[in-house]
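Dear colleague,

Please find below the structure that I am handing over to you. My notes on what was found in it follow directly after.

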Amino acid sequence: MKRIDPLTGRVLAFCEAWDMLPRRGTVLCAVSGGRDSMALLHLLSGLGPERGFQIAAAHFNHRLRPEADGDEAFVRSWCRERHIPLTCGAGDVRDFAAREGLCIEDAARQLRYAFLENAARDMGASRIAAAHHREDNAETVLLHLLRGAGLQGLCGIAPVRGRIVRPLLETSRDEIDGYVKRNGVPWVEDESNRDARFTRNRLRLEVLPLLEEMTPGAAGRIAAAAALLREENEHLRREAEALLPDAEDSAVILPVPVLNKQDAAMGRRLIRGMGRKFGVELTREQTEAVLALRSGGYLDLPQGLCAVRKSHRLILQKQPPSLPPLVLREGEQDWGSWWITFRWSGEPAEEGPDRVVLRDTGGELTVAAWDGTGRMAVENGSRTVKRLFADAGIPVERRAEHPALFLNGIIAAVPGVAADWTLRPEAGKPCRIIVFQQRDQEAGTDGPGNSGAG
C-alpha cells in the first residue's frame, strides 16, 4: 500500500474546500526551482493520477542572476526525468521595470504572471498553481499594512484568483521543509531571497522572526486574520454591488440620493465598484476626489475614465480617445464630428457661435482637443479656458470633444466660447475666418448643407 505523506491530506482538504483541483484537465504548476515550488510540483504530481487531472509545469527565467540559467536547466532536467510537460519563458525584467517605471519586484511579478496566463491558455490548463504559503501571506499583509492599505490590501493573498490557485496557502514554511526532506525533493536556492535590500526579504529575514520570538505563532495568526478579513470584505463587496447599476453606453450612473444614504466606507466602495465596471482600480486619493465632486464637477481618471457630478447623478464614463491635431488649410476639412471651413479675407467678418475670426498674424493654425489648460486674453483681463468654458455653459463632459484653435501651439480661440482678445480682427487688415459645423450624427449628415434627407 502506497504511503501518503501527512501533509498531502491537509493540502488536499484545503484544495477541496476552495475547489482548486479539477476532476479532469490540466493543472499548470508555476515552478521556479526553489523549495516551495518544487514541493508543490512533487505533491501535485502525486495527486494527479488519483484525482484525474494532468500536471504540467511552467518556468519563467527573469534573467536577474547569473545562476538563472542553471535554475532553468535544473527544472528542465527534473521534469524530463518524470515525463512532466514543461514550458519555459524568459523576459528582460530590468528593461521592463525601467520602461514602465516599476520596481524590480513588481516588474518581475507582472512579466511572470503574464507568461503563466499565456502558457495556461495555450495548453488549455484550467488552473495555475502557485506555491505561496502561510508566511508569504503574513509577509504580504504586513507589507500592505506598512504601505497604508485598506481592508482589501489587508486581506492578504487570495486562495483563488481567477484560474490561479494556491494549495499551500495554509501550509507553514516548516511543514514544507519537512515535506521536501521526507520525500527527498531536490531544489535550488535563490540567493537573492537573502538580499535584505528588498523590503519583502527584510520582512521575511528580520521582522517575522522577531514577531515569532515575541509571540510564537504570529505568522499563523496574521494569516488567519487575513482570512477573516477576506470574508468581511467579500460581504461588503456584495452589499455594494447590489446598489450599483450596470454599465450602459460606456457609463455607470449612480443616483446621488443613493450615494448620500451611505456612510463614508460604503461610499468609497461604491466609487471603487463603479471603476471596476471598467476594469479600473481607483486609488484611495482618486476615490476621495470623486466623492468630493460637487454638482457640475468633473475629474479625469486613469485609463480614459472620467467622473462627472450633476445635481442628481454621479457618472463614471469612458472618454472617447482624443482626435489627433489637424493643421488647417484653405477650404473644407473634417475633424471628428465637425466640418471646418477655413479661408482668408481682406476685411473682418462678423463673429458668431460657429465662426471664429482672427487677425492674420501668420503662423500655423491647428484644431485639437482642449487639454484642460491655458488662458486667453479677454476685454478686461484674462481668464482660464476652463472658466470660459463654464461661462459659455458647455458641460464638462463635452469639453474634451469640443474643438479648440491653436496658433503655433498656443490656444487662440474656442468656437462658441471665446477668442483671444489680442488676436481680434482690425478694420482694413486681413483676417482668417474659421467656420465650425457639427454633423448631426443621428441624421447622418455628410457635410455642410446636407441635411441627410433623401
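**Cysteines and disulfides**

Counting as disulfides those pairs of cysteine sulfur atoms that lie within 2.5 Å, the total for this structure is zero. Please bear in mind throughout that this is a predicted model. For orientation, a disulfide is a covalent bond between the sulfur atoms of two cysteines. Cys103 is partly exposed, with a relative accessible area of 34%. Cys306, by contrast, is buried, with a relative accessible area of 1%.

**Confidence**

The pLDDT averages 90 over the chain, and 96% of the residues score at least 70. In the stretch 441–454, however, the pLDDT is below 50; this stretch has 16 contacts in the model beyond near neighbours in sequence. Where pLDDT is low, the predicted coordinates should not be read in detail.

Strand β9 is part of an open sheet of four strands, arranged in the order β7-β10-β9-β8 with antiparallel pairing. The edges are taken by β7 (251–255) and β8; each has a single partner strand, so one side of each is left without a neighbour in the sheet. From one strand to the next, the twist averages 15 degrees. Helix α13 (residues 284–291) packs on this sheet and touches β8, β9 and β10, its direction making about 160 degrees with that of β8.

Within the sheet, four bridges join β8 (residues 298–301) to β9 in the antiparallel sense. Asp300 has Cys306 as its bridge partner in β9. These two strands form a hairpin with three residues between them, and Gln303 in the turn has a positive phi of about 55 degrees.

On its other pairing, β9 is joined to β10 (residues 313–318) by five antiparallel bridges. Here the bridge partner of Cys306 is Gln317, while Arg309 stands opposite Leu314. A hairpin is formed by β9 and β10 too, with three residues between them.

**The six-stranded sheet**

A further open sheet is formed by six strands in the order β3-β2-β1-β4-β6-β5, and its pairing is mixed. Its edge strands are β3 (86–90) and β5 (160–161), each of which pairs on one side only. Strand β2 (residues 54–61) runs parallel to β3, and five bridges join them. Phe60 stands opposite Gly89 in β3.

Two helices may be described together with this sheet. Helix α3 (residues 68–81) packs on the sheet and touches β2 and β3, with a direction at about 165 degrees to that of β2. Helix α5 (residues 104–123) lies across β1 (26–30), β2, β3, β4 (127–129), β5 and β6 (164–165), and runs at about 145 degrees to β2.

Why may helix α2 be described as largely enclosed by the rest of the structure? Twelve of its 17 residues are buried, where buried means under 20% relative accessible area. Among the buried residues are Arg35, Asp36, Met38, Leu40, Leu44 and Arg51. Their cover includes α1 (6–17), β1, β2, α3, β4 and α8 (173–183). The helix spans residues 35–51 and reaches 24 Å from its first C-alpha to its last, close to the 24 Å expected at 1.5 Å a residue. Just after α2, Gly52 takes a positive phi of about 90 degrees.

Helix α12 (residues 264–276) has 13 residues and reaches 18 Å between its first C-alpha and its last, close to the 18 Å expected at 1.5 Å a residue. Its buried residues are Met266, Gly267, Arg269, Leu270, Ile271, Gly273, Met274 and Gly275.

With kind regards

How values were computed
Residues numbered from 1 in each chain as written. Predicted model: local features only at pLDDT ≥ 70, side-chain atom pairs only at ≥ 80, totals over all residues. Heavy atoms only, no water. Pairing = 2+ DSSP bridges. Contact = heavy atoms within 4.5 Å. Axes fitted to C-alpha atoms, helices over the stretch in contact; angles between N-to-C directions. Buried < 20%, exposed > 50% of the residue type's maximum accessible area, 1.4 Å probe, protein only. Expected span 1.5 Å × (residues − 1). pLDDT = per-residue confidence, 0-100.
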